[in-house]
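Reader: I would like to learn how to read charged side chains in a protein model. Please show me with an example.

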Amino acid sequence: LTGLFRDVDHDKSGELTIDEFEDLLQDERLQRYCASLDIKIDDAWALFKLLDTDSSGAIGVEEFVTGCLRLRGSARSVDLALSMYQQQWFMTQVW
């Protein structure tokens, strides 16, 4: 995963922007890896937000690797993580 991350980090900043992340999602290696972990990539923006745990607008290599491993499992794991993110976001908007 780290090598894949570095391959698509076009500007070598150590972080992926949403544009670089969308390129990554097209990479056959990531698609195979996600399929092997039963992670479905349906919504790039939602997945990006789940992986961007510090809400910086970019994903660091540690966020990427840790996030991919955290989301492995059935599609329900991804759905649950997305639901939790949406609840947290909502709470910050309400309070």
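Reader: Which side chain meets Asp-7 in a salt bridge?

Author: Start with the general idea. Side chains of opposite charge can pair when their charged atoms come close. A salt bridge here is a side-chain nitrogen of Lys or Arg within 4 Å of a carboxyl oxygen of Asp or Glu. In this structure, Asp-7 meets Arg-29, at 2.8 Å from N to O. The pair links distant parts of the chain: Asp-7 sits in helix α1 and Arg-29 in helix α3 (residues 28-36), 22 residues apart. Helices (H or I, at least four residues) and strands (E, at least two) are DSSP runs, numbered from the N terminus.

Reader: What should I know about the model itself?

Author: This is a predicted model, where local features need pLDDT of at least 70 and side-chain atom pairs count only at pLDDT 80 or more, while totals for chains, interfaces and linings use all residues. Residues are numbered from 1 along each chain as its sequence is written, and side-chain values use heavy atoms, leaving out hydrogens and water.

Reader: How many salt bridges does the structure hold?

Author: It holds 3. Asp-27 also forms one with Arg-29, the closest N and O atoms being 3.0 Å apart. Another joins Arg-32 and Glu-28, at 2.6 Å. Both lie in helix α3, 4 residues apart, about one turn of the helix.

Reader: Is Asp-27 buried or exposed?

Author: First, the cut-offs. Buried means under 20% relative accessible area, exposed over 50%, partly exposed in between (1.4 Å probe, protein chains only). Asp-27 has 16%, so it counts as buried. Arg-29 is partly exposed at 36%. Asp-7 is partly exposed too, at 46%. Glu-28 is exposed, at 52%.

Reader: Which side chain of opposite charge is nearest to Asp-9?

Author: Lys and Arg count as positive, Asp and Glu as negative; His and the chain ends are not counted. For Asp-9, the nearest is Lys-12, 6.1 Å away. Asp-9 is buried yet has no salt bridge.

Reader: Where is Asp-9 found, and what does it touch?

Author: Asp-9 is in the loop between α1 (2-8) and β1 (15-16). Contact means heavy atoms within 4.5 Å. Not counting residues up to four places away in sequence, Asp-9 touches Gly-14, Glu-15, Leu-16 and Glu-20. A polar atom of the Asp-9 side chain lies 2.7 Å from the backbone nitrogen of Gly-14.

Terms used: A polar contact is a pair of N or O atoms within 3.5 Å; within protein, one must be able to donate a hydrogen and the other to accept it, and residues adjacent in sequence count only if both atoms are side-chain atoms.
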